[in-house]
Amino acid sequence: MNFLDKLQNSFLKNSAKNAICINNTFFTYTDLSNCVLRIRKIIQSQIHSEEKLIGLVANDDLETYATIFALWLESKAYIPINPTAPIKRNTEVLDLTGSKSVFDSAKESPYSSGFKVYNVLTHYKKLEHHTLSVTEYNKTDIAYILFTSGSTGKPKGIPISFENLNALLLTFENDEAYTINNTDRCLQMYDLTFDASLTAFMPAFLAGACSYTVPPDSMKYFHIYKLMQTYDLTVLKMVPSIIYYLRPYFPEINQPNVRYCVFGGGKLFEDVLKEWSACIPNSTIYNHYGPTECTVCSSYYTFKKHGNKSYNGVLSIGKPLNGIDAVIVNDNNDLLDNNKIGELCLAGKQLTKGYWNNEKLNDTSFFNMKLDDGEVKRFYKTGDVCFRDTDGNLMYVERKDFQVKIRGFRVELGEIEHHIKYIITKNNLTVLDINNSTGNNEIALIIEGKPFDTTPLFNYLQTKLPNYMIPTQTHFLSLLPHNVNGKLDREHLRKLIRKKQT
Amino acid sequence: MTKEAILDKAKESFIKILEHSNFELNPETTANDVDGWESVTHMMIITDIENNFNIKFKLMDLMNMNNVGDLITTIQKELLSD
């Protein structure tokens, strides 16, 4: 049975239960089903069956979640776009996939000039025949395409098939150490353009649990605590930075009813986690790891009270999920022994077919390798530098390139520089991820030369980049430091910035 | 301290962290009204205010803080409790 059939069963079985709570308003599984059916009707009557890739403005409402399921039932993919990101960038993403149709639940959609926009609310029609049954589809059909920042200045698309997603959800379902049921209250803090959202809302909907969303314009960490308090949440899935922010307030937090706490989307520091575990004394804590290319989650580690595995204070990312092969290789793609540091590469049913229309990148990011049993498998080079210890746990060391995580989003610093250099053409400059006083990553822009007004630059960046990619600090230095190889010395630069700040 | 005096002193933290003074702060002002006031800078502003007023906010107050008016009331409450 595939996950869509299971989803249908869950919706029917739990029809009277709450499915989702958005801004203190509850919607039952019946509300959700009815909304899915309404949208499905629109898709069936107005969108050609061959048109597979559909844009979805990721608003925080019932219609947006229902649209995902309605599209899946019609074997179509959703391409989520963030309503706060620049329209130009979102349009570029939609154009790259050739999408012609966009679902937007906002009253006035800014996409109506270039696309056929469907507004679920205005298309409301009462339905006579109710069915959530799944249309015939091909396992290799795409379920969603997510776009991440690319170093050439162009976002890169990662298509994930129904088969990929099914493999992930099946592994979760068969994991006895993680069983969500229809009385659970689950946090859904992720933006839908971020794939970690799928491991927040999908296990919840499949189990008939209730998901609690976090409004996009809120101070997330405080709002999450408010949801935990108000609704006595039992399952938390969060980016690690939430607990880095809440750390000064840990003594005030006590949530004994949290059963599971899952982290995903960034480095998890063992010391903070240890303190956090006292706030949720009865919870099992997991550290998820996985690139979008291998469908959200590829490995996980279970936190223990004592004797955890970590490297440089960063908690282990654990062992690969069932059905995933993980290997550590050197620059020539040769297998490395345990405890040797190299690049983590992944293979298995969750692996994407490759980047959207980007053969050049696919040639460098994927390779075939013969495994011990003689089978040849296609591996993805994650760009994450790791090693495997003698117990088989993977340890995260660092990113291989300059791709960093800002507020959980993957960012290639090269893409930001690319846009800055369009405006600032005369100065040497760089952008750098810097740990701020709260322990979180910020993007700093460092320009060589005498200070000048950067307002025109930032006005321009706001039309080109999503908010989280726009530098939040600007520094002017008389000289950018370089090492003996003539490469920019990022560590030295970080020290200089830190000195300047104190 | 009067609410006006608290507001003036709190504004210094906003200017320092946001690195601009291109905003008005009144009781109805929210993060949406001020450029650069978002999750990351919010925490830095809160920390700076705590240091300047020599107070420590409670999580319960922070989670119910929806505008500048709430912020000022909370600072006043903390000042009185010391």
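Q: In which strand of chain A does Arg410(A) lie?
A: Arg410(A) belongs to strand E24, which covers residues 409-412 of chain A; strands are DSSP runs of E with at least two residues, helices are runs of H or I with at least four, and both are numbered from the N terminus. The model is predicted, with local features needing pLDDT of at least 70 and side-chain atom pairs counting only at pLDDT 80 or more, while totals for chains, interfaces and linings use all residues. Residues are numbered from 1 along each chain as its sequence is written, and chains are lettered from A and ligands numbered from 1 in the order in which they are written.

Q: Why does Arg410(A) count as partly exposed?
A: A residue is buried if 20 or more other C-beta atoms, placed from the backbone, lie within 10 Å of its own, exposed if 12 or fewer do, and partly exposed in between. Arg410(A) has 18 C-beta neighbours inside 10 Å, and therefore counts as partly exposed. In sequence, Arg410(A) and Gly266(A) are 144 residues apart, but from C-alpha to C-alpha they are 9.3 Å apart in space.

Q: What makes Ser211(A) buried?
A: Ser211(A) has 25 other C-beta atoms within 10 Å, and so it is buried. Its place is in strand E10, residues 210-213 of chain A. Leaving aside neighbours within four places in sequence, Ser211(A) is in contact (C-beta atoms, placed from the backbone, within 7 Å) with Ile20(A), Cys186(A), Gln188(A), Phe201(A) and Ala204(A). Gln473(A), by contrast, is 262 residues from Ser211(A) in sequence and 35 Å from it in space, C-alpha to C-alpha.

Q: How do you know that helix H6 of chain A is mostly covered?
A: Eight of the ten residues of helix H6 (198-207) of chain A are buried, and among them are Phe201(A) and Ala204(A), both of which are also contacts of Ser211(A). The helix is followed by Gly208(A), whose phi is positive, near 80°.

Q: Why does Asn312(A) count as exposed, and why does Asn357(A) count as partly exposed?
A: Asn312(A) counts as exposed because it has 11 C-beta neighbours inside 10 Å, whereas Asn357(A), with 13, counts as partly exposed. Although it is not a glycine, Asn312(A) has a positive phi of about 55°, and it lies in the loop between strand E15 (310-311) and strand E16 (314-315) of chain A. Asn357(A), which is not a glycine either, has a positive phi of about 45° and lies in the loop between strand E19 (342-348) and helix H10 (359-365) of chain A.

Q: Why are H1(B) and H2(B) called oblique to each other?
A: Two packed helices are described by the angle between their axes and the distance between the axes. Helix H1 (3-18) of chain B packs on H2(B) at an angle of about 135°, with the axes 9 Å apart. Angles under 35 degrees count as roughly parallel, over 145 as roughly antiparallel, 65 to 115 as roughly perpendicular and the rest as oblique, and H1(B) and H2(B) are therefore oblique to each other. Their crossing is right-handed. The contact of H1(B) with H2(B) has seven nonpolar, three polar and three charged residues.

Q: What makes H2(A) oblique to H3(A)?
A: Helix H2 (29-46) and helix H3 (62-73) of chain A pack at an angle of about 55°, with their axes 8 Å apart, and that angle makes H2(A) oblique to H3(A). H2(A) passes H3(A) in a right-handed crossing. The contact includes Leu32(A), Val36(A) and Ile39(A) of H2(A) and Ala66(A), Phe69(A) and Ala70(A) of H3(A); its residues divide into eleven nonpolar, one polar and three charged.

Q: How do you know that H2(B) gives the largest share of the side of chain B that touches chain A?
A: Eleven residues of chain B are in contact with 16 residues of chain A. Helix H2 (39-53) and helix H3 (59-63) of chain B are the elements that give two or more residues to that side of chain B, and the largest share, six residues, comes from H2(B).

Q: What separates the centres of domain 1 and domain 2 of chain A?
A: Chain A is divided into domain 1 (175-289) and domain 2 (403-501), and their centres, taken over C-alpha atoms, are separated by 31 Å. Each domain gives seven residues to the contact.

Notes:
Domains from an automatic or database assignment. Contact = placed C-beta atoms within 7 Å. Axes fitted to C-alpha atoms, helices over the stretch in contact; angles between N-to-C directions. Left-handed = near helix turned anticlockwise from the far one by under 90°. Nonpolar A, V, L, I, M, F, W, Y, C, P; charged D, E, K, R; others polar.
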